[in-house]
Amino acid sequence: MPDFRGPRGGVTAMFILNGALFGIWASRIPAFVDHFALTSDQLGLLLLCLGGGAIVSFPLAGRASDRRGAAGVTRVIALAYAVSLAALALSPNLPVLALALLAFGAAHGAMDVTMNAWGAEVERRMARPILPVFHAMWSLGAGLGAASGFAAVRLGVPVGPHFLVLGALVTAVALWFARIDWKSDRSDAPGSVFAIPKGRLALVGLIAMSAALCEGAMADWSAVFLDSVKGIDEARAALGYVAFSAAMVGVRLSGAATVAWLGTTLSARLSGVCVFLGVVTVLLAPALAIALAGFALIGAGAALIMPLAFSRAAADPLIRPGRAIASVATLGYGGMLMGPPLIGFLADATTLSFAFAVLAVFGVAIVALAPCLVIPAKGDLDPDGALR
C-alpha cells in the first residue's frame, strides 16, 4: 500500500496545493475582468504584478531552501500562499488587487522553487525519476482548481466564498499530509543570492521559459480567449484550462516511461511539435470540442519540459540545487508569469488571436533547444558551465 504520509506523499500534497490555488485563481479571472471592467492592457498590468512578485521571490526562496531546508520552508510558504489567495478575493479596488497579486505571485513563485528542491531530494534518495509525477500532481491540482471555478459559476457562488472556503480547506488537508519527518539537505556555503544560469544551464532556462510561457498563457488567457474570441459562455470557457491541465496530468504520469523509451532529446522535440500543432488547432477551431482538443495538445507538449529542466538543474555539478533551480525558475516560471502580461499588451495592440499565434514560436524553440536537457557528467563541464 502506498505510504501517503511518507516523503512522496508529502511532496505530492505540496504540488497539488500549489496547482489548486493557482487553478482557483485562473478559473475566475473573467469574474475579476467583469467586476473591475478591465481592458486587455489593464489585465496585462495586473498580471505583471503577479509575475514581478514571483521573479523577486525566486532567488530568495532558493537561498532559504539551501540554508533552512526545502521541506520546512515549503510548508511555511504554503500558508502564506493561501492567505494571499484570500486577499485577492477581498480586494476592494484595483490598487489593492495589484498588491494582492504581487503577494500571490511571490508566494506562488517561492513555493515553486522550494517544493521542486524538496521533490529533487526525494527523487535522488529514491534513485528514480519522479519529478514528472510530482508535476503531474501540480497539473491535477490546477485542473481541479479550474473545475471548481466551473462549478462555482454554475452554482452562482461568488468569488469571495469560493476562494476563502476552498482555499482554506485544500491548504489544511495538504499541510496535514506534508507534516512528515524529513531532514532536508542544508548548506551555508557562501554565494550570491541570485545565481545567473551560465552555459548549458542558461539554455535549460530558455527551454523552460518557452514551455512555461505557454503554460502561463493557458492559465490566464484560455478562458478569456474562448469567451471573447470564440463566443463561449463563462462557465464553459473555464473548460479550456481543464482540458489543458488534464492532458498535462496524463503525459506527466507516464513521463518517466516516455523519457526512458524515447530519450530526453526526442521526448522534448515531440513536445515542441505538440505545442505548435495545439496552438494552430485552437486558432482554427470552428467549435468548442476542437478548441478543447487543441488546448489538450498544448498541455501534452508543455508537460515534460519543466520537470526535465528542474531535474537537469538539480543535478548540475557546479551549483547547489536550490540556487540552480532558482536560476532556471527565474527564466522558466518568469516566462509563465511574465508571459501573460505580454499577451495582454500584444492583444491590446493587435488582436487576442494574433497574440495566441505567437505561442507557436515557442513550440519551435522547444524543438531547437531539446538537447540541452540531457544531464551531463561532471567531467563534461568546464568551470563556467559550458560543455567541453
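Modeller: Searching the whole structure turns up one salt bridge. This is a predicted model, where local features need pLDDT of at least 70, side-chain atom pairs count only at pLDDT 80 or more, and totals for chains, interfaces and linings use all residues. Residues are numbered from 1 along each chain as its sequence is written, and side-chain values use heavy atoms, leaving out hydrogens and water.

Colleague: Why is the pair R236 and D233 called a salt bridge?

Modeller: The term asks for a side-chain nitrogen of Lys or Arg within 4 Å of a carboxyl oxygen of Asp or Glu. In this pair the closest N and O atoms are 2.8 Å apart, so the pair meets that definition. Side chains of opposite charge can pair when their charged atoms come close.

Colleague: Why is R236 called partly exposed?

Modeller: Buried means under 20% relative accessible area and exposed over 50%, with partly exposed in between (1.4 Å probe, protein chains only). R236 has 33%, so it counts as partly exposed. D233 is partly exposed too, because its relative accessibility is 33%.

Colleague: And how much of the chain is buried?

Modeller: Buried residues are 57% of the 388 in the chain.
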